[in-house]
Amino acid sequence: MISPAPPTQKFRYLAVLDFEATCDDKVNLSPQEIIEFPTVVIDTAQPLFPIVKEFHSYVKPTFHPTLTPFCTGLTGIQQETVDEAPVFKVVWDQFLKFLAENNLTESNTLFVTCGHWDLVKMLPAQLKTLHITQTPKVLQQWCNIKIFAAHHLNTEVRGMPFLLHQYRLPLIGRHHSGIDDSRNIAAVARRLLEYGQIFRVTPRDEKLPK
C-alpha cells in the first residue's frame, strides 16, 4: 500500500522563538528587556522535518543591568553571562543578518511562539527603546502553538510542559531557558507536522479555546 503524500505546508520554514526577559516577583520592571534571543528553524520540506539552523545570543540589558535573584532563579541566566553579552542593538543586527543570509522571509517562514507575548508585546517594546517603530514583516505573523495545538488536542493548553506531556515528548534541558524552550517547542511543532497539521498564522486577537 502506498502511503499518502504528506500535506504541503504554506511555509517551508518554521522559526521557533522564545525570548527570556528581565523580570522580578516584587515589582514590574519598566522597560522590560530581552536577555536571551533564540531561534530554532525547522525545514518542513525535508523528511523528518529536521532543525536546519539555530540563532542564539544572550543580551546585555541597559535599563536594568543587574538581574534580580528571581530572574536568575527562573531562567538560570547568570549575571556574568549578560555582563559579557552584546547589547540588544548588536544582537538585533546579527539576527537580521541571520534572516537575510538564510533567506527567511515572510513568504517562506512562519515564526512559532508559545503565546502571543513574544511578538505582540516584548519585541515591539524592545524595539521601541531603540526608536525602531517598524517590525520586519516576517516577524509580524506567527503561529501561537498553544492555540494551534489546542485545536488539535481539543483541550485547553496550559503551556509548554503540558504540550510535551500531551505529545509524549521529553523536556530538553531547562524550562525557561530560551534556547531549551525553543528546542522543546520545536519538538512539539515537529510532532504536529508528523500528524499532518498545516501550520497557519494565528490572528493576534485569537484567544485560547476553552
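This is a predicted model: local features need pLDDT of at least 70, side-chain atom pairs count only at pLDDT 80 or more; totals for chains, interfaces and linings use all residues.

Residues are numbered from 1 along each chain as its sequence is written, and side-chain values use heavy atoms, with hydrogens and water left out.

**Stop 1: the pocket.** Select Asp18, Phe19, Cys114, Trp117 and His176, which lie nearest the centre of the largest pocket. On a 1 Å grid over the protein atoms alone, a pocket is an open set of points where a 1.4 Å probe fits, with protein on both sides within 12 Å along at least five of seven lines; lining residues have an atom within 4 Å of a point. This pocket is lined by 23 residues: ten nonpolar, seven polar and six charged.

**Stop 2: the core.** Now pick Leu14, Ile42, Val112, Ile145, Val188, Leu192 and Phe199, the residues with the most contacts inside the largest nonpolar core, which has 30 residues. Such a core is a set of buried Ala, Val, Leu, Ile, Met, Phe, Trp, Tyr and Cys residues joined through side-chain atoms within 4.5 Å. Buried means under 20% relative accessible area, exposed over 50%, and partly exposed in between (1.4 Å probe, protein chains only). Which helix gives the largest share of this core? That's α7, with eight residues. Helices here are DSSP runs (H or I, at least four residues) and strands are too (E, at least two), numbered from the N terminus.

Stay on isoleucine 145: leaving aside neighbours within four places in sequence, its contacts (heavy atoms within 4.5 Å) include Val112, Leu163, Val188 and Leu192.

**Stop 3: helix α5.** Select 145-153 to see α5. Ile145, Lys146, Ile147, Phe148, Ala149 and Ala150 are buried here, and the buried residues of α5 pack against β5, β6, α6 and α7. At the N-terminal end, asparagine 144 caps the helix, with a side-chain oxygen 3.1 Å from the backbone nitrogen of lysine 146.

Stop 4: Most residues other than glycine have a negative phi, and most peptide bonds are trans. Jump to serine 30 and proline 31: the peptide bond between them is cis, with omega near -5°. Then try leucine 48, in the loop between β3 and β4, where phi is positive at about 70°. Is leucine 48 buried or exposed? Leucine 48 counts as exposed because its relative accessibility is 68%.

Notes: Ala, Val, Leu, Ile, Met, Phe, Trp, Tyr, Cys and Pro count as nonpolar, Asp, Glu, Lys and Arg as charged, and the others, Gly among them, as polar. A polar contact is a pair of N or O atoms within 3.5 Å; within protein, one must be able to donate a hydrogen and the other to accept it, and residues adjacent in sequence count only if both atoms are side-chain atoms.
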